[in-house]
Amino acid sequence: MATTAPASGPFQIPAHVPPELVRKLGITESPEFLANPHKFMAELHNTCPPIVYSYGDHSPAAWNLLKYEDAYFVLRHPEFFTTEGTGPFPRDPNDYWKIIPLEIEPPEHRKYRAIIDPLVSPKTVVAMETSIRAFANELIDGFIGKGECEFAKEFGRPLPVCVFLDIMGLPRDMMDEFVRWAMGLLHAQDRQIAGQVMAEVTAYLGTVIQEKRANPDDGVVSAIVHGRPGGQEMSAKETFGFVFFLFIAGLDTVFATLNNIFVWLAENPERRQEIIDTPDNINNVVEELLRVFTVTFSGRTVRDDIEFRGIQMKKGDRITSILPSCNYDPDVFPNPTEVNFHRPRKPVLTFAGGAHSCLGAHLARLEVRICIQEFLRRIPNFTIKPGAKIEYWPGGVVGPKDVPLAW
Amino acid sequence: MLLARSRRRPDGVQGEFTMALVTYVQHDGARQDVDVPVGDTIMQGAVNNMVDGIVAECGGGLACATCHCYVADDWSEKTGEASEVENDMLEAVSAERKTTSRLSCQITMTEELDGIVIYLPATQF
């Protein structure tokens with residue numbers, strides 16, 4: 001998840017930060033970033049030291065990590081770098097609640113995550129393949145005859161959101177409402193809108209939690225409401241923080257990923273053909289596209305004063321792993337901007353890593369694979385609608401606003 | 001061949017640790033000998049020493065099935081059996097599941113396992 005929390009007050013360089021490492025990179029918000037976000041984040045390796053202290057108009061100042069190895073280390077060492085207090089959503093300091101399981105650290109973390117892991121485990125997810133594939137085809141049926149579609153609205157959005165709502169045990173007819181909420185929280189870049197949406201979401205989730213408490217089902221919300229981490233009942237705030245986090249984490253990420261990938265597919269007919277011609281290589285295709293179209297970031301807080309890669313960091317400093325840049329690290333992925341479906345396997349940081357790695361990763365991989373397979377099977381040739389210009393959302397999940405396709 | 005001895009951990013954590021030898025064998029046959037602290041898992045031994053072939057996306061939480069390995073035949077008795085949850089996860093590994101398949105995050109190094117040979121699959125996704 002990313003940083004969209006509003007900055008507080010004018011930026012001042014803390015005394016321990018060397019001025020030569022201070023940048024206003026503009027990630028997630030500057031015009032240069034929004035013109036071509038992934039190209040921008042790939043090129044940072046040529047223009048920027050590996051660790052800089054960056055601040056923005058809509059995000060708090062943080063050490064930005066660009067190198068794969070650095071992010072890999074930070075993500076996997078909660079004893080030095082904690083997720084506590086890193087949640088990117090506005091919360092009332094007088095009525096504070098934790099985003100769960102993200103802001104709970106090992107070993108406690110496992111007790112919470114164990115409640116939902118079985119519902120998104122590789123085995124559970126594999127069992128969903130048939131129904132997701134059928135749903136993908138239903139959506140394609142709806143627009144294939146038109147010769148065009150607004151991919152984001154007609155496919156990229158409904159597919160992952162409806163799959164997510166099914167898993168959560170929430171009604172599909174809430175989709176439009178959920179989408180609006182996700183937009184308000186993740187992309188509005190406006191404190192007032194975010195606050196208002198937050199209030200709506202809080203009210204809705206409160207009702208849902210009560211419903212599931214009265215009528216348990218086999219969905220994720222119910223599992224959380226009735227979950228007992230370590231045998232203890234959760235407080236109302238914990239339950240809310242848990243449901244809220246999954247709600248917001250599950251809505252936007254696969255959507256943005258699919259939109260990015262389909263812009264690229266539309267613009268690269270010969271690569272599309274390559275995918276069609278090598279069906280057995282689909283898992284490598286998915287993994288490579290997840291590498292070059294990583295959509296999010298991962299925040300940590302420095303636990304105690306520490307020297308990291310020769311830089312003095314102070315307790316409480318924020319760190320943001322720029323995961324899309326890390327996945328373009330030339331030391332790990334030679335010729336990093338080339339989309340190469342036959343790279344030697346290296347773990348991608350798309351889903352972060354370590355204890356807090358994305359719990360929807362298996363589902364995301366499956367959804368991306370199914371969408372590519374089914375769309376290319378039914379509509380092998382398509383382009384971006386002539387004259388259309390692709391514009392990107394600002395904010396912590398990187399993807400285009402609209403993807404108008406024609407065939 | 002007992003290699004057990006003490007030294008600083010490779011991941012930078014300070015302290016005295018008894019080390020035991022793990023040989024990781026890549027899919028293409030390349031072998032890497034790594035000293036792993038007793039008490040760490042075989043997954044941690046690989047990740048902390050940049051051994052390719054083990055992804056361990058979830059960091060040992062038994063949530064991702066991306067640290068799949070094959071225990072060498074003559075060692076599999078000593079590593080014990082997979083738990084029910086691990087067995088469930090193993091059903092979803094991407095490479096072929098064999099009778100010696102384990103998730104390497106679930107095998108903790110002991111002095112008895114000093115010298116163990118671990119074969120890595122071609123894929124983890």
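Guide: A nonpolar core is a set of buried Ala, Val, Leu, Ile, Met, Phe, Trp, Tyr and Cys residues joined through C-beta atoms within 7 Å. A residue is buried if 20 or more other C-beta atoms lie within 10 Å of its own, exposed if 12 or fewer, and partly exposed in between, with C-beta atoms placed from the backbone. This is a predicted model, in which local features need pLDDT of at least 70 and side-chain atom pairs count only at pLDDT 80 or more, while totals for chains, interfaces and linings use all residues. Residues are numbered from 1 along each chain as its sequence is written, and chains are lettered from A and ligands numbered from 1 in the order in which they are written.

Visitor: Which residues have the most contacts inside the largest nonpolar core?

Guide: They are Ala71(A) and Ile54(B), in a core of 144 residues. Helix α12(A) gives the most to this core, with 17 residues. Helices (H or I, at least four residues) and strands (E, at least two) are DSSP runs, numbered from the N terminus.

Visitor: What does Ile54(B) touch?

Guide: Leaving aside residues up to four places away in sequence, Ile54(B) touches Met43(B), Ala46(B), Val47(B), Cys67(B), Cys69(B), Ser104(B) and Leu120(B). Contact here means C-beta atoms within 7 Å, again placed from the backbone.

Visitor: What makes the length of α12(A) agree with that of a helix?

Guide: Helix α12(A) covers residues 236–267, which is 32 residues. The expected span is 1.5 Å times one less than the number of residues, so for α12(A) it should be 46 Å. The end C-alpha atoms of α12(A) are 48 Å apart, which agrees.

Visitor: Why is α12(A) called largely enclosed?

Guide: Of its 32 residues, 25 are buried, so the rest of the structure largely encloses α12(A). Glu238(A) also lies in this helix, but with 19 C-beta neighbours inside 10 Å it counts as partly exposed. Glu238(A) is 184 residues from Ser54(A) in sequence, and their C-alpha atoms are 32 Å apart in space.

Visitor: What makes chain A as compact as a globular protein of its length?

Guide: The radius of gyration, taken over C-alpha atoms, is set against a globule rule of 2.2 Å times the number of residues to the power 0.38. For the 407 residues of chain A that rule gives 22 Å, and the radius of gyration is 21 Å, so chain A is as compact as a globular protein of that length. Along the principal axes, the C-alpha atoms of chain A fill a box of roughly 60 × 55 × 40 Å. Chain A has 16 helices and 11 strands, and 47% of its residues count as buried. Of its contacts with a separation of 6 or more, 72% are between residues 24 or more positions apart.

Visitor: How many helices and strands does chain B have?

Guide: Chain B has two helices and six strands, in the order β-β-β-α-β-α-β-β from the N terminus on. Buried residues make up 41% of its 125 residues.

Visitor: Why is Ala56(B) called buried?

Guide: It has 25 other C-beta atoms within 10 Å, so it is buried. Ala56(B) also has a positive phi of about 55° although it is not a glycine, and it lies in the loop between α1 (42–48) and β4 (68–71) of chain B.

Visitor: Why is Arg309(A) called partly exposed?

Guide: Arg309(A) has 14 other C-beta atoms within 10 Å, so it is partly exposed. Its phi is positive too, near 50°, and its place is in the loop between β7 (306–308) and β8 (311–313) of chain A.

Visitor: Where does a cis peptide bond join Ile100(A) to its partner, and what is omega?

Guide: The bond is to Pro101(A), with omega about 5°. Pro101(A) lies in the loop between β4 (81–82) and α4 (108–116) of chain A. Another cis peptide bond joins Pro106(A) and Pro107(A), with omega about 0°, and Pro107(A) lies in the loop between β4 and α4 as well.

Visitor: How many residues of chain B are in contact with chain A?

Guide: There are 15, in contact with 20 residues of chain A. The side of chain B that touches chain A divides into eight nonpolar, four polar and three charged residues. Ala, Val, Leu, Ile, Met, Phe, Trp, Tyr, Cys and Pro count as nonpolar, Asp, Glu, Lys and Arg as charged, and the others, Gly among them, as polar. The model scores ipTM 0.73 and pTM 0.89.

Visitor: What is the average pLDDT of chain B, and where does pLDDT stay under 50?

Guide: The average is 87, and 88% of the residues of chain B score at least 70; pLDDT is the predictor's confidence in each residue, from 0 to 100. It stays under 50 over residues 1–10 of chain B, for which the model has 25 contacts beyond four places in sequence.

Note on methods:
Contact = placed C-beta atoms within 7 Å.
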